[in-house]
Amino acid sequence: MAKQVVQPKIRGFICTNAHPTGCAQNVRNQIDYVQQTIVPQKTGLNVLIIGASTGYGLASRIALAAGYGMNTVGVFFEKPPDNWRTATAGYYNTVAFHQYAEREGLKAFSINGDAFSEEIKSQTIDLIQKELGQVDLVIYSLAAPRRIHPHTGVDHRAVLKPIGCPYVDKTIDLVEEQIVEVVIDPAIEQEITDTVAVMGGEDLTFWVDQLLENRCLKTGIQLVAYSYIGPEITYPVYTHGTIGRAKEDLKQKVDQVDQKLWQQIGGHAYVAVNKAVITQASAAIPVIPLYISILYKIMDAKGINENPIAQITRLLSDHIGLGQQPTLDDQRLIRLDDRELRLEISQEVERIWLEITTDNLPCLADYNRYKRGFRNLFGFEIDGVDYGQLVETELLLP
Ligand code: NAI
């Protein structure tokens, strides 16, 4: 037992602790959103979510359980509590999710470990075979900084760098809270290879091959992997950079997986291109926090902003939920970034981007919203939570 008052320990884009009650409230808020937005169904179907504890993966798990009554297997990599050290937010989110699933009579299983490893893949397959038989849907939502290759043992580290020439532009220094110039040298060939190895599609193909071999995928299975494109101002560091190269590889591999699933079990695999949102992964990408601070202000003012749970609820209700056919663009992509990339939004972002400085930051962007959103990820500054209370931090996953 470790009851304590938990205050945020934040520096820049790193927060080293999390608040269990705040995380539970985050999960509750997402469940409420789903149930107020769509008519909940009880499908009794099964889904495997890889990267299920925070951001888009957590939203997927919640939307599928709360909106579609699905049984979930979640794979993620989170730290449990250790004496007075709190667990990571994804761990507490998952504890809260399990409490919800249990109350609702939904099966929920969680595997905490490295999804890139053979060991975690085998554990997941054993669990599916034993508890569920097969899954009807797979969501691939990993955002990882490194991958130890399961066959070669090489430790690949992803980098967020431009390709070809240096990147020089504005960014927010999250520690000093100032607009500064950032200069990022272009990636060398090995860094590109490493980033593709971590965030590209090879791991997904390993998952699919092993799930197929072990007959864990139901006939007509759907698989969705998440990606990002963004507006032109972020192209040099994102879409045309190392991470963009990895996402290109992911797309190619998803297309190959689509063919394989179709031929073997009449299934399909898609990439959904989601909008920019505040998550632990996006906070680490240079330029993105400033971009999101501007974007949210514009999209909020127009009443069209969406957070992960709104995006995923739309993915399900319009594209891959029961009885839906996905609408694909000419690259075979599901586009959930359609509102973010509307011409009038991109033009407004670009105009502000040119003008923004430390002095006019509070009026041209909603940086306070970004900061609050970032703190919310770790269970802090959530409405209705009393942060003066002692709280039990030694919670256990089932
Ligand atoms: P996130 O940081 O919130 O979540 C990452 C998830 O991956 C967590 O559940 C974490 O535990 C898990 N994970 C990381 N390394 C792992 C490992 N080795 N083994 C098992 N689990 C591991 O990230 P976010 O932002 O939700 O990203 C998920 C996907 O969505 C990514 O593919 C990202 O590119 C995509 N996306 C994100 C956008 C954004 O603005 N955040 C926009 C569009 C797409």
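# Briefing: strands, helices and single residues in a predicted model

In strand S11, Gln-178 is the bridge partner of Asp-173, where strands are DSSP runs of E with at least two residues, helices are DSSP runs of H or I with at least four residues, and both are numbered from the N terminus. This is a predicted model, in which local features need pLDDT of at least 70 and side-chain atom pairs count only at pLDDT 80 or more, while totals for chains, interfaces and linings use all residues. Residues are numbered from 1 along each chain as its sequence is written, and side-chain values use heavy atoms, with hydrogens and water left out.

**The hairpin of S10 and S11**

- Strand S10 (residues 167-173) and strand S11 (residues 178-184) run antiparallel and are joined by seven bridges; two strands are said to pair if DSSP finds at least two bridges between them.
- Four residues stand between the two strands of this hairpin, and Glu-177 takes a positive phi near 60° there, a positive value in a residue other than glycine.
- Glu-177 belongs to the loop between S10 and S11, and it counts as partly exposed at 33% relative accessibility, given that buried means under 20% relative accessible area, exposed means over 50%, and partly exposed is in between (1.4 Å probe, protein chains only).

**The open sheet and the helices across it**

- Seven strands, in the order S6-S5-S4-S7-S12-S13-S14, form an open sheet in which the pairing is parallel.
- The edge strands of this sheet are strand S6 (108-112) and strand S14 (333-335), each of which pairs on one side only.
- Direction ignored, neighbouring strands of this sheet are turned by 20° against each other on average.
- Within the sheet, strand S4 (residues 46-50) pairs with strand S5 (residues 71-76) in the parallel sense over five bridges, and Val-73 in S5 is the bridge partner of Leu-48.
- Helix H4 (residues 118-132) lies across S4, S5, S6 and strand S7 (135-140), and runs at about 165° to S6; here axes are lines fitted to C-alpha atoms, for helices over the stretch in contact, and angles run from 0 to 180 degrees between N-to-C directions.
- Helix H6 lies across S4, S5, S7 and strand S12 (217-227), and runs at about 170° to S12.

**Two pairs of packed helices**

- Two packed helices are described by the angle between their axes and the distance between the axes.
- Helix H6 (residues 202-213) packs with helix H7 (residues 242-265) at an angle of about 15°, with their axes 9 Å apart.
- H6 and H7 are therefore roughly parallel to each other, on a scale where angles under 35 degrees count as roughly parallel, over 145 as roughly antiparallel, 65 to 115 as roughly perpendicular and the rest as oblique.
- H6 passes H7 in a right-handed crossing; a crossing is right-handed if the near helix is turned clockwise from the far one by less than a right angle, and left-handed if anticlockwise.
- Among the residues that meet between these helices are Leu-204, Val-208 and Leu-212 in H6, together with Leu-250, Val-254 and Leu-261 in H7, with contact meaning heavy atoms within 4.5 Å.
- By class, the contact of H6 with H7 has eight nonpolar, two polar and five charged residues, where Ala, Val, Leu, Ile, Met, Phe, Trp, Tyr, Cys and Pro count as nonpolar, Asp, Glu, Lys and Arg as charged, and the others, Gly among them, as polar.
- The axes of helix H1 (residues 20-37) and helix H3 (residues 89-104) come within 8 Å and cross at roughly 50°, which makes H1 oblique to H3.
- The crossing of H1 and H3 is right-handed, and the residues that make the contact include Val-27 and Ile-31 of H1 and Ala-96 and Phe-97 of H3.
- Sorted by class, the contact of H1 with H3 has ten nonpolar, two polar and two charged residues.

**Single residues in their surroundings**

- Ser-60 lies in helix H2 (residues 55-68) and counts as buried at 0% relative accessibility.
- Not counting residues up to four places away in sequence, Ser-60 touches Ile-49, Ile-139, Tyr-226 and Ile-312.
- Gln-7 lies in the loop between strand S1 (3-4) and strand S2 (10-11), and it is partly exposed, with a relative accessible area of 46%.
- Leaving aside neighbours within four places in sequence, Gln-7 is in contact with Asn-17, Phe-380 and Tyr-387.
- Asn-83 lies in the loop between S5 and H3, has a positive phi near 55°, and counts as exposed at 52% relative accessibility.
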